[in-house]
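Visitor: I am new to reading protein models. Could you walk me through one, feature by feature?

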Amino acid sequence: MGGNYEKGLYNQLMEVMARLDAVEEDLHAEKIEHKNDVDHLNTKVDCLTEENRLLKDDNARLKSIINNDSSNTSLSPSTDQKGRKPANTYNSRQHTGRKAGRQKGHGVQPLQKKK
């Protein structure tokens, strides 16, 4: 009876150890996958950080170009565009529905000859 019990216990131990080995292999493979993912994401972060730096530099350069006027460059004051309002932004005249130019029915005076 004791030999059979020990044999059964040994078989159970071997099954548990085999399952443990399988789980350990799965975890090792998953760990490698995660490491590869982390490496890929770190590379992507580095690339995006560099792109972000370039875009910030370009943005600063463009802002400095926009902020140039006659007070801080050799340009003439006539080239300044800040403070200018667009021409005729509001016209208070009411629209009458008539076409522009001479209206029909308006009496035309004949041209007089010069003497």
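Visitor: Which residue meets Asp-39 in a salt bridge?

Guide: Side chains of opposite charge can pair when their charged atoms come close. A salt bridge is counted when a side-chain nitrogen of Lys or Arg is within 4 Å of a carboxyl oxygen of Asp or Glu. Here Asp-39 pairs with Lys-35, at 3.6 Å from N to O. Do keep in mind that this is a predicted model, where local features need pLDDT of at least 70, side-chain atom pairs count only at pLDDT 80 or more, and totals for chains, interfaces and linings use all residues. Residues are numbered from 1 along each chain as its sequence is written, and side-chain values use heavy atoms, with hydrogens and water left out.

Visitor: How many residues apart are Asp-39 and Lys-35 in helix 1?

Guide: Helices are DSSP runs of H or I with at least four residues, strands are runs of E with at least two, and both are numbered from the N terminus. Asp-39 and Lys-35 are four residues apart in helix 1, so about one helical turn separates them. The chain has one helix and zero strands, and helix 1 covers residues 2-66.

Visitor: Is Lys-35 buried or exposed?

Guide: Relative accessible area decides: buried means under 20%, exposed over 50%, and partly exposed in between, using a 1.4 Å probe and protein chains only. Lys-35 has 53%, so Lys-35 is exposed. Across the 115 residues of the chain, buried residues make up 0%.

Visitor: How many salt bridges does the structure hold?

Guide: There are four. One of them joins Glu-50 and Arg-53 at 2.6 Å, N to O. These two are three residues apart in helix 1, again about one helical turn. Glu-50 is partly exposed at 37%, and Arg-53 is partly exposed at 41%.

Visitor: Which residue forms a salt bridge with Asp-58?

Guide: That is Arg-61, with the closest N and O atoms 2.7 Å apart. Asp-58 and Arg-61 are three residues apart in helix 1, so they too are separated by about one helical turn.

Visitor: Which residues form the nonpolar patch on the surface?

Guide: A patch gathers residues with over 30% relative accessible area and no salt bridge; like charges are joined within 9 Å, and nonpolar side chains (Val, Leu, Ile, Met, Phe, Trp, Tyr) within 5 Å. Tyr-10, Leu-13, Met-14 and Met-17 make up this one, with about 400 Å² of accessible area together. Accessible areas come from the Shrake-Rupley method with a 1.4 Å probe, and for residues only the protein chains shown count as cover. Leu-13 sits in helix 1 and is partly exposed, because its relative accessibility is 46%.

Visitor: Which residues form the negative surface patch?

Guide: Asp and Glu count as negative and Lys and Arg as positive, while His and the chain ends are not counted. Each charge is placed at NZ of Lys, CZ of Arg, CG of Asp or CD of Glu. The negative patch is formed by Asp-21, Glu-24, Glu-25, Asp-26, Glu-30, Glu-33 and Asp-37. Asp-21 lies in helix 1, and its 41% relative accessibility makes Asp-21 partly exposed.
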